[in-house]
Amino acid sequence: MSCEELKDMYELYALGVLEAEEKAEIDAHLARGCVDCRRGLADALAFNAMLLGIGPAENPRRQLRHRLLASIGYERPGWFWTGVLAASLMLALAVWMGTQERERSNQLADARQQLMQVTGERDNLNQAVRFLSDPETRPASFGRGQQAPPRGYVFLHPQLGVMLIASNLPAAGAGKAYEMWVLPKTGAPRPAGLFQSDGMRGLHILAGPLDLDAVNAIAVTLEPEAGSPGPTTTPIIVAPAS
Amino acid sequence: MRLLKLIPAVLVYALLQVALRRDDDADLVRRLKAHEPKAMADLYKRCGRLAYSVILRIVRNVGVAEDLTQETFLRVWNRVGSFHAERGALTPWVLTVARNRAIDHVRSQDGRMEASAVDLDRLERPGLFMDLEASALTIDRARRLKSALEKLNANQRTVIELAYYEGMSHTEMAERLKQPLGTVKTWTRTALQILRTELTEAAIA
């Protein structure tokens, strides 16, 4: 066949759909360097590409670009970022759970402390009721007639011990505590325990048997927080036992 | 409503305007040859949508179209070494590879033309895409071609569709359409002549 006869076949040749005999004709022309056929094939390739390119346009999904670029090592594949995100979320979750756990522990410790405080107050109140309701309790008052002193009562009981209830008692201050003393009729003052005031009231109980006939008075001094073996300051409260 | 109908055509032309520019081809080809990953991103930006559209129209399956689009670009990436940076036409090459990969897939699914894979491979060699006339790749000619397609009668459009998007030979078309081989050849030849004439007139104008 001549080049003129082949000119209508270049597009189909370029598409790879030409029948075997016609394809062989063009192959032969190209093989011997036929300029017209080479030009015809180049035009056909451009024509075919244009015809393909004017079809309806569709948008590929964004993942396709990532997948393609990941395949040549340009971008991380989608699952990598998914993994990073999942790991970040898990780390954040672990940190959050740790914080929650710490908060719960702190709350639990606070609750225990409050419970101990309430339990202590309840025990004191029970003890106070026992003191006040027992006929053997001997009351003594202090602070009356003085200018702006702590005022209150001391209750003495031969088996229950000593209970001191003071009002108008200021807070002891940082590093300080009130210390109660049993002043015997003879001998040195005996330590009878440390206590604090809430700024208004103070309640302290020395539990245990006490020889009331040997007690001269109950006194309170301001001492270091750890207490002292003997009074180091002038007594704030002195309540005579009889 | 007429305005709405124009929107797809405007999009196609705008897409072609981006895709068919040749000024940047040489630089892009040089970077592709150097296997600069950014060049692949640029190539995909330029031709990805076109290649995917061609492939999807042929295989009609999104997942398969994505696989074949990836295969197309990797094939270009691996074979660009023998592409001529100054005289080569990049977009026609990518579109040809895309169409051939899709046709090869459809043919293998149909179990027909087993030897054709070699032919398709031969027809997308980079060396063939040299010295394609720049005038063949203008927006105006693309518009003319689209308009010319609408002038074809139903039979002519059908054979063009079967050749370009189903990869059928004349014999296969004749069997599919239950028409004499000579009739199908005439439809095809006439259709291509009409399209070519429109393009030639556009080039002269």
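I count a residue as buried if 20 or more other C-beta atoms lie within 10 Å of its own, with C-beta atoms placed from the backbone. By that count, 40% of the 205 residues of chain B are buried.

I noted the ground rules next. This is a predicted model, where local features need pLDDT of at least 70, side-chain atom pairs count only at pLDDT 80 or more, and totals for chains, interfaces and linings use all residues. Residues are numbered from 1 along each chain as its sequence is written, while chains are lettered from A and ligands numbered from 1 in the order in which they are written.

**Chain B.** Of the contacts (C-beta atoms within 7 Å) with a separation of 6 or more, 72% join residues 24 or more positions apart.

**Chain A, helices.** I looked at α3 (residues 20-31) and α4 (residues 35-53) of chain A, whose axes lie 8 Å apart at about 115°. Axes are lines fitted to C-alpha atoms, for helices over the stretch in contact, and angles run from 0 to 180 degrees between N-to-C directions. A:I26, A:H29 and A:L30 of α3(A) meet A:C37, A:R38 and A:L41 of α4(A).

**Chain A, sheet.** I traced an open, antiparallel sheet of four strands, β5-β4-β7-β8 (strands pair if DSSP finds at least two bridges between them). β5 (190-195) and β8 (237-240) of chain A each have a single partner strand, so one side of each lacks a neighbour in the sheet. Nine bridges join β4 (residues 176-184) to β7 (residues 215-224) of chain A. A:W181 has A:A219 as its bridge partner in β7(A).

Methods: Two residues are in contact if their C-beta atoms, placed from the backbone, lie within 7 Å. A residue is buried if 20 or more other C-beta atoms lie within 10 Å of its own, exposed if 12 or fewer, and partly exposed in between; C-beta atoms are placed from the backbone.
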